[in-house]
Amino acid sequence: MAYSKELIDHYENPRNVGSMEDESGDVGTGLVGAPACGDVMKLQIKVSADGIIEDAKFKTFGCGSAIASSSLVTEWVKGKTIDEAGEIKNTDIAEELALPPVKIHCSVLAEDAIKAAIEDYKGKTGDADESKDAAE
Amino acid sequence: MNDANVKAKENTVKSCWSCKGPVAVAALFCPTCEAVQAPAPVNHFERLGIDVTYDVNTGAIDRLYFDLQRQLHPDRFATKAPKEKALSQQQATALNDAYEVLKDPLKRADYLVHLLGIDVLPEGCNLVKDQAILIEAMEMREKLMMVDSMKAITEIQRETKAEIDDVLCALSLAFAGDDIRGACQLTTRLKYLDKMMGEVRQSRARLLA
């Protein structure tokens with residue numbers, strides 16, 4: 001199967017791999033998984049007082065497409081507001097990486113991970129209501 | 001040869017595609033003209049003629065499978081019409097599918113959970129929200145990533161195997177007690193453990209290389 005240059009680049013040189021302090025009040029953590037393929041993805045954001053994502057980290061155990069999708073998302077969300085980051089769609093990810101149809105679910109997983117991280121952050125700051133159902 | 005596997009559906013009758021005579025829906029062959037029939041629309045358990053249960057007798061599954069497969073062997077249809085050849089192929093495929101699922105504890109659990117009514121895997125991509133399962137999966141993988149000795153890998157393999165055995169016991173109890181939600185959750189856990197075993201084997205191979 002021919003994978004895109006972008007996908008291979010993210011897979012071979014994943015950006016922002018790592019972890020942040022989950023307990024910290026300005027860090028939101030999203031942990032999601034797709035049991036069909038046994039993937040598990042953790043995505044974390046560090047948010048400044050004015051709602052800007054200053055840093056993002058991920059740790060993904062899964063296929064190349066899952067790693068590339070989460071790596072790309074951490075790159076995209078840095079510098080965005082949490083509301084902007086919440087608008088990232090799996091189709092944007094799939095398009096950027098030119099994911100083959102059987103790997104679209106990896107981009108769904110990455111979208112779900114950033115949404116879960118934002119929700120977790122908002123839960124910590126007591127601002128949970130607003131975008132609770134954004135994933136729907 | 002007509003027919004050991006009619007039990008469950010013998011009261012449901014259709015007409016044979018070849019001679020138009022009456023034939024049980026689940027029958028492999030027409031009792032009148034002996035033409036092979038299309039695969040019946042039955043679940044995997046019914047196809048092999050066993051009860052719908054998680055605690056299957058794998059020896060019995062093997063025997064039933066090989067017996068049915070013998071009746072459907074391509075050699076028996078070498079001189080038959082193309083339609084019969086095609087139908088026997090469909091039958092053999094359906095039988096193989098049933099066997100593959102029922103003999104494997106994970107696939108059987110997944111299948112049974114679906115059969116009993118809970119949609120665990122909508123559209124093939126189901127996102128797990130069960131944090132306990134995900135945290136366990138993440139921690140196991142992280143641990144595996146750190147190891148650099150065969151001894152440590154063997155230890156992780158032993159632990160994972162023990163976890164799998166526990167989950168299989170629990171699954172059996174959950175299904176027996178009609179606890180489908182519990183069975184569903186255990187099936188998800190088993191999928192991650194199964195994946196973990198695969199990763200362990202890969203790590204072992206990497207270390208040997």
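Residues are numbered from 1 along each chain as its sequence is written, while chains are lettered from A and ligands numbered from 1 in the order in which they are written. Because the model is predicted, local features need pLDDT of at least 70 and side-chain atom pairs count only at pLDDT 80 or more, whereas totals for chains, interfaces and linings use all residues; side-chain values use heavy atoms, with hydrogens and water left out.

Let's begin with chain B. It has 7 helices and 2 strands, and from the N terminus the order is β-β-α-α-α-α-α-α-α. Helices here are DSSP runs of H or I with at least four residues, strands are runs of E with at least two, and both are numbered from the N terminus. Chain B has 209 residues, of which 42% count as buried. For the cut-offs, buried means under 20% relative accessible area, exposed means over 50%, and partly exposed is in between, with a 1.4 Å probe and protein chains only.

Now please find α2(B). This helix has 14 residues and spans 20 Å from first C-alpha to last, close to the 20 Å expected at 1.5 Å a residue. The expected span is 1.5 Å times one less than the number of residues. Which residues of α2(B) are buried? They are Ala60(B), Ile61(B), Tyr65(B), Leu68(B), Gln69(B) and Gln71(B). These residues lie on the same side of α2(B) because they cover an arc of only 155° around the axis, where the arc is that of the directions from the helix axis to the C-beta atoms. On the other side of α2(B), Arg63(B) and Arg70(B) are exposed.

Val52(B) sits in the loop between α1 (44-48) and α2 (58-71) of chain B, and Val52(B) is partly exposed at 42% relative accessible area. Together with Leu115(B) and Leu116(B), Val52(B) forms a nonpolar patch on the surface, with about 230 Å² of accessible area in total. Patches are made of residues with over 30% relative accessible area and no salt bridge, joining like charges within 9 Å and nonpolar side chains (Val, Leu, Ile, Met, Phe, Trp, Tyr) within 5 Å. The areas come from the Shrake-Rupley method with a 1.4 Å probe, and for residues only the protein chains shown count as cover.

On to salt bridges. How many does a search of the whole structure find? Over all chains, the search gives 18, where a salt bridge is a side-chain nitrogen of Lys or Arg within 4 Å of a carboxyl oxygen of Asp or Glu.

In chain A, Asp83(A) pairs with Lys122(A), the closest N and O atoms being 3.4 Å apart. Asp83(A) lies in helix α3 (residues 82-85) and Lys122(A) in helix α5 of chain A, so this pair ties together parts that are 39 residues apart in sequence. Asp83(A) is partly exposed at 42%, whereas Lys122(A) is buried at 2%. As for helix α5 (residues 104-125) of chain A, its 22 residues reach 32 Å from first C-alpha to last, close to the 32 Å expected. Just after α5(A), Gly126(A) takes a positive phi of about 70°.

Another bridge in chain A joins Asp26(A) and Lys46(A), with the closest N and O atoms 3.5 Å apart. That pair links distant parts of the chain: Asp26(A) is in the loop between α1 (5-12) and β1 (27-34), and Lys46(A) is in strand β2 (residues 39-47), 20 residues apart.

Back in chain B, Asp165(B) bridges to Lys161(B), with the closest N and O atoms 3.1 Å apart. Being 4 residues apart in helix α6 (residues 150-176) of chain B, the two are separated by about one helical turn.

Asn16(A) has a positive phi of about 60° although it is not a glycine, and Asn16(A) is buried at 16% relative accessible area. Lys20(B), also not a glycine, has a positive phi near 70°; Lys20(B) is exposed at 60%.
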